[in-house]
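Please look over the sequence and the structure before reading on.

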Amino acid sequence: MNELILKTSLVFSICFFTWITWKYATKYRIALTSILILGLVLRLYMNDNSQLHQWDERYHALVAKIWQKIH
């Protein structure tokens with residue numbers, strides 16, 4: 001239930017800040033502030049992602065090491 005509320009509020013905030021940016025596109029400070037707040041909201045949401053595990057980072061490090069040896 002808590003996850004549903006978080007995702008719903010995320011969608012509404014994306015819609016709201018996109019609308020603000022669209023409406024005030026000629027007023028650069030408002031549009032830029034809206035885009036920055038939207039980016040912050042998305043970063044905070046992705047930072048709280050519980051689907052990432054320790055082995056994900058190990059896998060990416062292994063792929064990077066192999067890719068470096070190939071090229």
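## Aromatic cluster

Phe16, Phe17 and Trp19 are linked into a cluster by ring pairs. Two rings of Phe, Tyr or Trp (its six-membered ring) count as a pair if their centres lie within 6.5 Å; planes under 30 degrees apart are called stacked, over 60 edge-to-face, and the rest tilted. The structure is a predicted model, in which local features need pLDDT of at least 70 and side-chain atom pairs count only at pLDDT 80 or more, while totals for chains, interfaces and linings use all residues. Residues are numbered from 1 along each chain as its sequence is written, and side-chain values use heavy atoms, with hydrogens and water left out.

A search of the whole structure gives 2 aromatic pairs. One of them joins phenylalanine 16 to phenylalanine 17 in an edge-to-face arrangement, 5.2 Å centre to centre with 70° between the planes. Phenylalanine 16 also pairs with tryptophan 19; this pair is tilted, at 6.4 Å centre to centre and 35° between the planes. Phenylalanine 16 and tryptophan 19 are about one helical turn apart, because they are separated by 3 residues in helix 1 (residues 2-23). Helices (H or I, at least four residues) and strands (E, at least two) are DSSP runs, numbered from the N terminus.

Phenylalanine 17 is buried, because its relative accessibility is 16%. Phenylalanine 16 is partly exposed at 44%, and tryptophan 19 is partly exposed at 45%.

## Serine and threonine positions

Serine 34 lies in helix 2 (residues 28-47) and is buried, with 3% relative accessibility. Apart from neighbours within four places in sequence, serine 34 is in contact (heavy atoms within 4.5 Å) with Phe17, Ile20 and Thr21.

Serine 13, in helix 1, is buried at 16% relative accessible area. With neighbours within four places in sequence left aside, its contacts are Leu38 and Val41.

Threonine 18 is also in helix 1 and is partly exposed, at 42%. The side chain of threonine 18 reaches the backbone oxygen of isoleucine 14 at 2.6 Å. Between threonine 18 and leucine 38 there are 20 residues of sequence separation and 8.0 Å in space, C-alpha to C-alpha.

## Nonpolar surface patch

Leu62, Ile66 and Ile70 make up a nonpolar patch on the surface, with about 300 Å² of accessible area together. Patches consist of residues with over 30% relative accessible area and no salt bridge; like charges are joined within 9 Å and nonpolar side chains (Val, Leu, Ile, Met, Phe, Trp, Tyr) within 5 Å. A salt bridge is a side-chain nitrogen of Lys or Arg within 4 Å of a carboxyl oxygen of Asp or Glu.

Isoleucine 70 belongs to helix 3 (residues 54-70). Isoleucine 70 counts as exposed because its relative accessible area is 59%.

## The chain as a whole

The chain has 3 helices and 0 strands, in the pattern α-α-α along the sequence. Of its 71 residues, 13% are buried. The accessible surface is about 6700 Å², and 67% of that belongs to carbon and sulfur atoms. Accessible areas come from the Shrake-Rupley method with a 1.4 Å probe; for residues, only the protein chains shown count as cover.

Key
Buried means under 20% relative accessible area, exposed over 50%, partly exposed in between (1.4 Å probe, protein chains only). A polar contact is a pair of N or O atoms within 3.5 Å; within protein, one must be able to donate a hydrogen and the other to accept it, and residues adjacent in sequence count only if both atoms are side-chain atoms.
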